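Here is a short report on one protein model. It goes from a single residue pair to the fold as a whole.

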Amino acid sequence: MPHNRRVRTARRAAVLILPVVLVALLGSVAGSFATNFVRVPRVSALATYRPDIITQIVARDGSTIARYAIERRILVSRAQIPAVVRNAIIATEDKNFFRHGGVDVRRTFSALVANLQPGGYAQGGSTLTQQLARALFLSPPKTLSRKVNDPLVAFETARPHSKTQTPTNTANQIHLAPDKDGDAGL
């Protein structure tokens with residue numbers, strides 16, 4: 001009988017210890033994954049964000065003598081962006097922009113399903129906020145790490161910034177090519 005009691009005690013101990021070991025193992029794997037793949041940058045820098053702009057040398061009379069820049073970017077305020085341009089950016093890139101907090105879960109899921117279809121059209125599921133966050137804080141190549149960080153950075157970016165600020169920052173970040181008259185055009 002003492003042998004049976006030892007076996008029962010060992011089984012009970014195994015039943016109690018095995019889940020703890022499994023949870024610890026899963027926690028270690030999740031921690032390793034988070035450490036290696038999740039890199040959320042400090043998005044507080046967005047409050048003072050100033051993209052590279054044109055350096056202008058101006059004469060005393062106010063005329064421009066010369067312009068120097070890596071990119072020919074001129075910052076514009078929300079008031080300087082015509083409503084039709086803001087609406088076009090939102091309609092083109094993220095029709096549900098005002099209905100989500102930075103990540104459109106339904107759109108992301110449908111894009112994932114479409115991309116997994118054999119011979120399916122590669123579809124993007126990024127929101128306007130995700131695109132801005134990627135352009136400012138993440139690297140462009142499609143890597144697993146970037147895909148994991150994309151929604152996290154978008155949530156962090158969307159939280160402190162209003163829905164009116166994101167299209168303005170996007171317009172200042174994306175390339176709007178000038179047409180033959182020098183006006184910005186989509």
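Asp 94 is buried, with a relative accessible area of 0%. Buried means under 20% relative accessible area, exposed over 50%, and partly exposed in between, with a 1.4 Å probe and protein chains only. Arg 107 is partly exposed, at a relative accessible area of 24%.

The side chains of Asp 94 and Arg 107 form a salt bridge, 3.6 Å from N to O. The pair links distant parts of the chain, 13 residues apart: Arg 107 sits in helix α3 (residues 105-116), Asp 94 in the loop between α2 (83-93) and α3. A salt bridge here is a side-chain nitrogen of Lys or Arg within 4 Å of a carboxyl oxygen of Asp or Glu. The structure holds 1 salt bridge. Side chains of opposite charge can pair when their charged atoms come close.

## Basis of the model

This is a predicted model: local features need pLDDT of at least 70, side-chain atom pairs count only at pLDDT 80 or more, and totals for chains, interfaces and linings use all residues. Residues are numbered from 1 along each chain as its sequence is written, and side-chain values use heavy atoms, with hydrogens and water left out.

## Overall fold

The protein has 6 helices and 2 strands. From the N terminus, the order is α-β-β-α-α-α-α-α. Helices (H or I, at least four residues) and strands (E, at least two) are DSSP runs, numbered from the N terminus.

Of the 186 residues, 24% count as buried. Among contacts between residues at least 6 apart in sequence, 56% join residues at least 24 apart. Contact means heavy atoms within 4.5 Å.

Which residues of α2 are buried? They are Arg 86, Ile 89 and Ile 90. Seen down the axis of α2, its buried residues fall within an arc of 95°, so they line one face of the helix. The arc is that of the directions from the helix axis to the C-beta atoms.

The cover over these buried residues includes α4 (128-137) and α6 (165-173). On the other side of α2, Val 84, Ala 91 and Thr 92 are exposed.

## α4 against α5

The axes of α4 and helix α5 (residues 144-158) come within 8 Å and cross at roughly 105°. That makes α4 roughly perpendicular to α5, a term for angles of 65 to 115 degrees. Axes are lines fitted to C-alpha atoms, for helices over the stretch in contact, and angles run from 0 to 180 degrees between N-to-C directions.

Residues of α4 that meet α5 include Ala 133 and Phe 137. On the α5 side, Pro 151 and Val 153 are among those involved.

Key
Angles under 35 degrees count as roughly parallel, over 145 as roughly antiparallel, 65 to 115 as roughly perpendicular and the rest as oblique.
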